[in-house]
Each structure stands twice: as C-alpha cells, then as structure tokens.
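Morning, everyone. I have one structure to walk through today. Please have a look at it on the screen.

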Amino acid sequence: MIYLATANPKKAAELGSLLSGFDVLPRPDWIAEIDETMDSFEGNSVLKAQTIAEATSATAIADDSGLEVAALGDRPGVFSARYAGEFATDEENVAKLLGELDGSVNREAKFVCVITIAFPDGTFSSFRGETTGQIAYVSTGSGGFGYDPVFIPDDGDGRTFAEMGVSEKASISHRGRAIAKLVDFLANSG
Ligand code: IMP
C-alpha cells in the first residue's frame with residue numbers, strides 16, 4: 001500500500017493509473033495539506049513524502065512541480081501555483097507570465113517535476129523529470145491545467161500542452177518522465 005501526498009482525486013487517479021499494479025491511496029483526510037515551505041522542488045517533494053510516511057507508517061509518494069522561465073531568472077519556479085497571488089487562478093498566472101514576458105524575444109522555459117517515494121524507516125528516493133519548451137505569445141488549447149495553454153514543448157510539433165491529449169502530454173511531460181523513473185525504480189526493487 002502506497003499513500004499519495006495529494007488529496008486531489010484527479011491527481012490521485014492519474015498517478016494511480018500510471019502506477020497500475022500498486023495499491024495507491026490518496027492522502028488520508030485526517031492529515032492536513034502540507035505547506036510547501038522549501039525553496040526547491042526536491043525539498044518540497046521530500047518534505048511532503050516524509051511527512052505522510054511518518055504519519056501513516058506506510059510508504060508515501062509526493063510530487064512538486066513548476067515552471068522555470070529563463071528570461072525571468074527561472075521564476076516562477078517553486079512559486080508557480082502562487083505566481084499571481086496566494087489564491088491565483090490558472091488564468092491569472094498565465095496573464096501575469098505573458099505580461100512579464102511582454103517584449104521579450106527569449107521565450108525559453110522548462111517544466112520540472114520531482115517525485116519522491118519515502119519509506120516508514122525515514123529513507124527516500126527522488127526522481128526528476130524535465131521538459132524544455134517555449135512560452136507562446138498567446139494562449140491556445142483547452143486541455144490540461146496551469147501554464148499548459150502557453151507552453152510549447154521542444155519535443156512536440158508546435159502545439160501547446162493544452163492542445164494535446166492526456167497520454168500524448170504524459171509521453172513528453174516533466175511529470176510523465178519523473179513517473180517513468182519511479183516506475184522503473186519500483187519494478188527493480190522487487
Ligand atoms: P504543485 O506541483 O501542485 O505545487 O503545482 C505547481 C504549479 O506549477 C501548478 O499549479 C501549475 O501552475 C504549474 N504546473 C506544474 N505542472 C504543470 C503542467 O504539467 N502544466 C501546467 N502547469 C503546471
């Protein structure tokens with residue numbers, strides 16, 4: 001049995017389907033959401049996974065992800081969800097990003113995802129997935145979430161993540177790549 005740090009049913013279902021064969025459960029509701037207080041993706045994913053593993057005395061998996069934009073000195077980074085404010089919507093975050101990049105020809109960006117699996121004995125392993133791309137000048141597409149409508153992956157064909165289906169995005173996304181490494185680890189650890 002593996003607990004996830006997320007209580008979000010959509011994220012839990014997506015992770016559960018990618019980890020098929022494992023008994024994956026969402027964060028128990030008696031454990032409060034864990035604040036992301038660290039300044040790196042690694043730090044936050046380790047913090048969340050270890051907190052759940054300790055509280056449940058079971059194996060736990062947590063992820064932390066975000067967008068690093070070169071022209072903005074790698075911001076918003078670990079603050080991606082809260083870029084335009086504590087309770088910012090995806091649309092507000094995207095609008096702020098396009099505003100800050102207004103006039104910039106350097107559109108280089110990178111999505112990062114770090115997934116950590118933590119064990120009840122305090123040990124853990126972390127896996128990093130990255131996807132480089134370009135920030136579009138306008139939003140396109142209605143799929144996905146977050147910055148997907150303005151992120152054009154270098155490994156794609158010019159469409160944004162929001163114009164791709166779930167499995168197509170997962171095949172080249174930072175999260176898909178981190179999960180693939182985790183699945184490999186689990187398969188090889190018996
Ligand atoms: P967290 O990993 O739940 O802390 O979320 C980080 C934030 O980064 C999200 O709220 C999004 O704004 C952004 N983000 C992370 N992964 C993606 C993605 O696959 N597409 C679009 N935005 C993402």
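Let's start inside the protein. Val-114 is buried, at 1% relative accessibility. Keep in mind that this is a predicted model. Where does Val-114 lie? Its place is strand β5, residues 108–118. Now pair Val-114 with Phe-41. Along the sequence, 73 residues separate Val-114 and Phe-41. In space, their C-alpha atoms are 6.0 Å apart.

Here is a second pair, Ile-152 and Arg-107. They are 45 residues apart in sequence. From C-alpha to C-alpha, Ile-152 and Arg-107 are 9.9 Å apart. Ile-152 belongs to strand β7, which covers residues 151–153. Is Ile-152 buried or partly exposed? Ile-152 counts as partly exposed, because its relative accessibility is 22% and buried means under 20%.

Where does the ligand sit? It sits in the largest pocket. Two elements each give two or more residues to the shell around the ligand: β3, residues 59–69, and α5, residues 174–188. The largest share comes from β3, with 3 residues.

How many residues surround the ligand? The number is 15. The closest are Ser-65, Asp-148, Lys-169, His-174 and Arg-175. By type, the shell holds 6 charged, 5 polar and 4 nonpolar residues.

Take Asp-148. A side-chain N or O atom of Asp-148 is 2.6 Å from a nitrogen atom of the ligand. Next is His-174. Its side chain has an N or O atom 3.1 Å from a ligand nitrogen. Then comes Asp-64. Here the ligand atom is an oxygen, and the distance to a side-chain N or O atom of Asp-64 is 3.2 Å. How much of the ligand does the protein cover? On its own, the ligand has 490 Å² of accessible area, and the protein covers 89% of that.

Next, the backbone. Some background: most residues other than glycine have a negative phi, and most peptide bonds are trans.

Spot one is Ser-57. Ser-57 is not a glycine, yet its phi is positive, about 55°. You'll find Ser-57 in the loop between α2, residues 41–56, and β3. Ser-57 is exposed, with a relative accessible area of 57%.

While we're in that region, look at Thr-56. This residue is in helix α2. Thr-56 counts as buried, because its relative accessibility is 16% and the cut-off for buried is under 20%. What lies 2.7 Å from a polar atom of the Thr-56 side chain? That is the backbone oxygen of Ile-52.

Spot two is Asp-74. Asp-74 is not a glycine either, and its phi is positive, about 75°. Asp-74 is in the loop between β3 and β4. Asp-74 is partly exposed, with a relative accessible area of 40%.

Which residues does the cis peptide bond join? It joins Arg-75 and Pro-76, and omega is about 0°. Pro-76 is in strand β4, residues 75–77.

To recap: the ligand sits in the largest pocket, and β3 gives the largest share of its shell. Ser-57 has a positive phi, and so does Asp-74. The bond between Arg-75 and Pro-76 is cis. That's my tour. Thanks.

Notes. Residues are numbered from 1 along each chain as its sequence is written. This is a predicted model: local features need pLDDT of at least 70, side-chain atom pairs count only at pLDDT 80 or more; totals for chains, interfaces and linings use all residues. Side-chain values use heavy atoms; hydrogens and water are left out. A residue is near a molecule or strand if one of its heavy atoms lies within 4 Å of it. A polar contact is a pair of N or O atoms within 3.5 Å; within protein, one must be able to donate a hydrogen and the other to accept it, and residues adjacent in sequence count only if both atoms are side-chain atoms. Accessible areas come from the Shrake-Rupley method with a 1.4 Å probe; for residues, only the protein chains shown count as cover. On a 1 Å grid over the protein atoms alone, a cavity is a set of points where a 1.4 Å probe fits but cannot get out, and a pocket is an open set with protein on both sides within 12 Å along at least five of seven lines; lining residues have an atom within 4 Å of a point. A molecule sits in a cavity or pocket if more than half of its atoms lie within 2 Å of its grid points. Helices (H or I, at least four residues) and strands (E, at least two) are DSSP runs, numbered from the N terminus. Ala, Val, Leu, Ile, Met, Phe, Trp, Tyr, Cys and Pro count as nonpolar, Asp, Glu, Lys and Arg as charged, and the others, Gly among them, as polar. Buried means under 20% relative accessible area, exposed over 50%, partly exposed in between (1.4 Å probe, protein chains only).
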